[in-house]
Amino acid sequence: MIFGRSERGKAPVEPVTLKILVAGGFGVGKTTMVGAVSEIKPLRTEEVLTEAGRPVDDTSGVEGKHTTTVAMDFGRITLREDLVLYLFGTPGQDRFWFLWDELSTGALGAVVLADTRRLEDCFAAVDYFERRSIPFVVGVNCFEGAARYPTEDVRQALDLDPEVPVVLCDARDRESVKEVLIGVVQHAMAYAAERRQTVTT
């Protein structure tokens, strides 16, 4: 780009920007996921876990976790020249849920990140998006040493509707995360088209 014009003489493309939430339980890999794929230095609002928070922050299964998100994570990824995703990672603990309504305003869709060792931790996020009719994809973060289950088993355990995509992913791997985000955009577009069709019939 030179002074607002592309080098080939074509007009610059004004990209469509879409907002995607990355949600899930405490210590499931939300901050890692945003950081793995963001093309800018991610904004993080992490604080050190303290003794005062020990009674409410259940670190079983994630004993190595020493920090927690207290507001949000923010990152950006360009999927195509004309399509940019803004990623907002939500805090995982119940006491920060008051932030979710603000963060979800204007969101196209969401990733609910799940850990099969603590699957129940993502029930609240699934319920949140279902109640607000925000389309979401469940991304099963494949932690080292955790048992692997077929996606259909995860779907049944979470009691998901058949149209909700469930995918295996590695929140540390850029390409894996990118595939999940593409899945969210595709699912949200199909969801919106279906709702439009329902309204017109």
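The structure is a predicted model.

The protein has 201 residues, and its secondary structure consists of five helices and seven strands. Read from the N terminus, these elements follow the order β-α-β-β-β-α-β-α-β-α-β-α. Of the residues, 44% count as buried. The accessible surface amounts to about 11,300 Å², and carbon and sulfur atoms contribute 53% of this area. Among contacts with a separation of 6 or more, 72% are made by residues 24 or more positions apart.

Strand β3 spans residues 67-80 and includes Asp73. The relative accessible area of Asp73 is 1%. Asp73 therefore counts as buried, because the term applies under 20% relative accessible area. The side chain of Asp73 forms a polar contact with the side chain of Thr31, at 2.6 Å.

With regard to the cysteines, the model contains zero disulfides. Cys142 takes part in no disulfide. The cysteine sulfur nearest to that of Cys142 belongs to Cys169 and lies 6.4 Å away, whereas a disulfide requires a pair of cysteine sulfur atoms within 2.5 Å. Cys142 has a relative accessible area of 16% and is therefore classed as buried. Cys122 is also buried, at 1% relative accessibility.

Methods:
Residues are numbered from 1 along each chain as its sequence is written. This is a predicted model: local features need pLDDT of at least 70, side-chain atom pairs count only at pLDDT 80 or more; totals for chains, interfaces and linings use all residues. Side-chain values use heavy atoms; hydrogens and water are left out. Helices (H or I, at least four residues) and strands (E, at least two) are DSSP runs, numbered from the N terminus. Buried means under 20% relative accessible area, exposed over 50%, partly exposed in between (1.4 Å probe, protein chains only). A polar contact is a pair of N or O atoms within 3.5 Å; within protein, one must be able to donate a hydrogen and the other to accept it, and residues adjacent in sequence count only if both atoms are side-chain atoms. Contact means heavy atoms within 4.5 Å. Accessible areas come from the Shrake-Rupley method with a 1.4 Å probe; for residues, only the protein chains shown count as cover.
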